[in-house]
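I wanted to go through this structure one place at a time and write down what I looked up. These are my notes, in the order I took them.

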Amino acid sequence: MEWLPTLWFIVIAVLWCGYLFLEGFDLGVGMLIGLGRNTERRKRLLLNTIGPVWDGNEVWLLTAGGATFAAFPHWYASLFSALYIPLTIVLLALIFRAVAIEYRGKAITAPTRKAWDLALGLGSLVAAFGIGAMLASTTIGLPLNENGDRIGGAFAWLTWHAVLGGVAVVAFCWIHALAFLRLKTDGPVREEAGKLVGRWLPVAVLPMMVWALWVIINNDSALSWVSLALSLAALVAAIIMGRAGKEGNSFIALGIMLVAAVAAIFIAAFPVVLPSTLDPAFNLTVETASSTPYTLKLMSIVAAFGVPLVLAYQAWSYWVFRKRLREEHIPETHRVTSIVK
């Protein structure tokens, strides 16, 4: 089945779109909590907006990595070995972020809570930057030889396009979080988020548009240009509907902008899954990097049953926790006396 490698390339692109869309506002809210200037009650409000869903959103990252490992082992091996240091840093950042979310509410003193807030903010920022740098390196290139091994020192991956991808994802996560808070909260938080989105949305998504444009120019594809045009149209729609007070439609349009931009990048890169900046002959493609047809067939059967269940569960969880939150819903900070002696 020669079409299975292409199918799984599309699946992995969809998984990354889902991760950036769902985890994007999670990471952005984490940055706002840990690195912004907010009262304790407001921080708890922000944390409650993502509390029921943040860990489920991270499943998309695990699934994208697992699918790459199973469907394209050569892609996985070259990418993860070349980016061993940044991926380790991302992993540590995600660990600090997860622990901070769980432990900040258990802190007794204000300095301890501030330390956990800082861990949450920096963990979210570093994770977003590292993931963006990795995706940019995947689509623009790494210094790989004919065996798929990295040439250069430990920081050969730290190129201008890696920095561009990192900045693009960080900026998008920040603006996406504000759009999410405008949709999920009420009161002053909603109003302030709306003002920031209206002012900074075009600037915040500019790095991602530059990233997409660079990939398309170097891998000319008519379909990728169409996808990029759709992304720009969705951006304009998000701005117009946001100013008109249609927050739900604006949030959806921003999501369409993201999906269309990421789709344009992956379409332009296809069939290359990992370009080499040393010689195009060393590029890894969907054919040269894929698993055996039997493996891909078995994965497709499992995914046909598993993916709808995951999507249904996540949709249900978002529906259950769809109500807006206000600062008045958050009780005053108080200590709980344990009954265990």
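I began with a term: helices (H or I, at least four residues) and strands (E, at least two) are DSSP runs, numbered from the N terminus. With that settled, I looked up serine 224 and found it in helix H11 (residues 222–243).

**Ground rules**

I noted that this is a predicted model, in which local features need pLDDT of at least 70, side-chain atom pairs count only at pLDDT 80 or more, and totals for chains, interfaces and linings use all residues. Residues are numbered from 1 along each chain as its sequence is written, and side-chain values use heavy atoms, with hydrogens and water left out.

**Confidence**

I checked pLDDT, the predictor's confidence in each residue, from 0 to 100. The protein chain has a mean pLDDT of 89, and 97% of its residues reach 70 or more. Among the elements of the chain, helix H8 (residues 160–184) has the highest mean, 94, and helix H3 (residues 54–57) has the lowest, 86.

**Serine 224**

Is serine 224 buried or exposed? I needed the cut-offs before answering: buried means under 20% relative accessible area, exposed over 50%, and partly exposed in between (1.4 Å probe, protein chains only). Serine 224 has a relative accessible area of 0%, so I wrote it down as buried. I then listed its contacts (heavy atoms within 4.5 Å). Not counting residues up to four places away in sequence, serine 224 touches Ile216, Ala264, Ile267 and Ala268.

Glycine 30 lies in helix H1. Its relative accessibility is 0%, and therefore it counts as buried. Leaving aside neighbours within four places in sequence, I found glycine 30 in contact with Leu120, Gly121 and Ser124.

Glycine 132 has its place in helix H7. It counts as buried because its relative accessibility is 0%. With residues up to four places away in sequence not counted, glycine 132 touches Gly165, Gly166, Val169 and Trp211. Its C-alpha atom is separated by 8.0 Å from that of leucine 164, which is 32 residues apart from it along the chain.

**Nonpolar core**

Next I looked for a nonpolar core, that is, a set of buried Ala, Val, Leu, Ile, Met, Phe, Trp, Tyr and Cys residues joined through side-chain atoms within 4.5 Å. The largest one has 102 residues, and Trp16, Phe72, Trp75, Leu201, Trp211 and Met257 have the most contacts inside it. Helix H1 (residues 4–35) gives this core its largest share, 17 residues. I followed up methionine 257: leaving aside neighbours within four places in sequence, its contacts are Phe172, Val205, Met208, Met209, Ser231, Ala234 and Leu235.

**Salt bridges**

Side chains of opposite charge can pair when their charged atoms come close. A salt bridge is a side-chain nitrogen of Lys or Arg within 4 Å of a carboxyl oxygen of Asp or Glu. How many salt bridges does a search of the whole structure find? It finds 12.

I looked up three of them.

- Glutamate 23 and arginine 97 meet through their side chains at 3.1 Å, N to O. This pair links distant parts of the chain, with glutamate 23 in helix H1 and arginine 97 in helix H6, 74 residues apart. Both residues are buried.
- Aspartate 117 forms a salt bridge with arginine 104, and their closest N and O atoms are 2.5 Å apart. Aspartate 117 lies in helix H7 (residues 110–140) and arginine 104 in the loop between H6 and H7, so the pair ties together parts that are 13 residues apart in sequence. Both aspartate 117 and arginine 104 are buried.
- Arginine 190 and glutamate 247 meet at 2.9 Å, N to O. Arginine 190 is in helix H9 (residues 188–204) and glutamate 247 in helix H12 (residues 247–269), so this pair ties together parts 57 residues apart in sequence. Arginine 190 counts as partly exposed at 25% relative accessibility, whereas glutamate 247 is buried at 12%.

I also noted that salt bridges with shared partners join Glu40, Lys43, Arg104, Arg113 and Asp117 into one network.

**A cis bond**

Last, I looked at proline 271, which lies in the loop between H12 and strand S1 (272–274). The peptide bond from phenylalanine 270 to proline 271 is cis, with omega near 5 degrees.
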